[in-house]
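I opened the notebook to record what I looked up here, beginning with the ligand and then turning to the nonpolar cores.

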Amino acid sequence: MSLFTANPSPAVTAILEDPAFPRLKVLVIDTTGMEFYRDKDADLARILAERMDEIGVADCGGYLHLLQDPAQGKAEMDALIAELTIGETYFFRHKEQFDALRELILPEVIERNKMVRRLRIWSAGCATGPEPYSVAIMLEREFGERIAGWHVTVLGTDINQKFLTRAREGRYDEWAFRTMSDSLRAACFERVGNQWQIRSEFKRHVSFQYHNLIKSPFPSLADNIAGFDIIICRNVIIYFSQPTVEALVPCFRETLNDGGWLIMGHAEPNQRLFSSFRTVNTPGAVLYQRVDRPQEPPGPVAMPPQAPFSAPKAPPLPVGRGGLPAPAPVTSRRSMLLSKPARPKSAPVPSPSPAVVPADPSQPGYRLKVARDLADSGQWEKAAAACDAIIAAVPLDAWAHFYRAMVHEQLGEDDQCEKALRRAIYLDRRLVLPHYHLGLFLARKEDVAGAVRSFRNAQALLTGLADEHPVDPGEKITVGQMREAVAMHLKLVGGA
Ligand SMILES: C[S@@+](CC[C@H](N)C(=O)[O-])C[C@H]1O[C@@H](n2cnc3c(N)ncnc32)[C@H](O)[C@@H]1O
């Protein structure tokens, strides 16, 4: 299939004959995973020609140079990605999968989570938002009473910033409702000119954030991508290569809670790839469930609440002045970032272990890894207990406070989340993630000045660091990824 059929223009022909075109193509595919363009040179060249014409770059070498420029490359890559990606989507797309959500998955997950009163759903590759909003509409209208007062998250992520901006607005043309009844649309949307605006009650649990399935490691609590009950990733991996998809599947699995469900596009169920899941067939849909423990057959099943985590007893600590444990020695950020992580070229990044983890379970670094792994796998109560045990033993451990903040956030405990973030920053101002997450928190609370300040602090800490290093010691997110995320959020809050 070609997106364009007309004869190539002279500009497109020049790009196709440019010796730097193959390198540009490799960079595009490596960055987006869109293997789709491997045999579509004319389509890719057409998009490149438009971008290059718009910004006045003469040839592929110059454009490649611009894309790799540390200062301007990211913005141009975003602009290019906005043209490359295909955002075809509509409300309640593929009815049979939404039937399965209504009849099987949501009742099962809600029953299982009734003790913790929490529900986390991720729409990966959400485009302009109809997929996460359809889920939110179903939840609100059909399960509203059962989940009243619950901490519900429906997260939409995408690589295309323009799509995300439109998703946040939540305003759609008629075409997005092609399979939705007029009465349901009227109940959930308000007419604004010739468009439809989603009503606020269907927006309140939905949030959107940038995430590149190929380059942003997951699961990652620090990136808010962890511990989901349901992941929906439809019509996204069809553009990726087989090895890329094979590397993504375990990442999805790890990002689900035990018993969590993965819904892929109905046209892409290569079931062999999902053999680590339990496959469940419903009329017109194939679903995958992560099952770590033997379970009852699907259906409304009551699961016993998980046993509370008992943290190991803390060993005696080195004592500092005034009886407080001695603070960690101050190391320069550069010396903390010495080890260069090995990164695959164009495959999603699995969850590596933190860079430096003491093998001795009595060491705080080891216990922190345990806490972080628990959090990354969505075991919030256990992660909270693990962090609390570290904090009780080492009150000045900035990381333990940071992870505790992340867990507070997932549990909907806003005040404690903010306090713990500020404590982490107070204890170690050089850590980037606490500043970044405080920025996100304050942006959500519409404290624009505070958010801008926090994002700028994070930005300042990243200055001069090499892109490929972990953002903070032992973290999966790299400096480059964090730089992009901070720049994007600064732009969103109007501080760029
Ligand atoms: C065809 S849309 C699917 C939208 C929605 N899931 C649905 O099925 O209606 C594919 C989406 O995947 C996104 N996408 C492509 N590559 C991606 C990547 N590497 N990481 C995250 N999203 C990506 C595109 O930007 C686009 O919005």
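How far from a nitrogen atom of the ligand does a polar side-chain atom of Glu131 lie? I read 3.1 Å for this pair, counting as a polar contact a pair of N or O atoms within 3.5 Å. I noted that the model is predicted, so that local features need pLDDT of at least 70 and side-chain atom pairs count only at pLDDT 80 or more, while totals for chains, interfaces and linings use all residues. Residues are numbered from 1 along each chain as its sequence is written, and side-chain values use heavy atoms, with hydrogens and water left out.

Staying with the ligand, I found a polar side-chain atom of Asp158 at 2.6 Å from one of its oxygen atoms, and a backbone N or O atom of Arg234 at 2.9 Å from a nitrogen atom of the ligand. The protein covers 99% of the 600 Å² of accessible area that the ligand has on its own (Shrake-Rupley method, 1.4 Å probe). I counted 21 residues surrounding the ligand (a heavy atom within 4 Å), and the closest are Thr89, Arg93, Gly125, Asp158 and Asn235.

I then looked up the largest nonpolar core, which has 101 residues; such a core is a set of buried Ala, Val, Leu, Ile, Met, Phe, Trp, Tyr and Cys residues joined through side-chain atoms within 4.5 Å, buried being under 20% relative accessible area with a 1.4 Å probe, protein chains only. Among those with the most contacts inside this core are Trp122, Leu213 and Phe252. Phe252 touches Trp122 and Leu213, among others, not counting residues up to four places away in sequence (heavy atoms within 4.5 Å). I also noted a second, separate core of 49 residues, including Leu221 and Val432.

Definitions and conventions:
Buried means under 20% relative accessible area, exposed over 50%, partly exposed in between (1.4 Å probe, protein chains only). A polar contact is a pair of N or O atoms within 3.5 Å; within protein, one must be able to donate a hydrogen and the other to accept it, and residues adjacent in sequence count only if both atoms are side-chain atoms.
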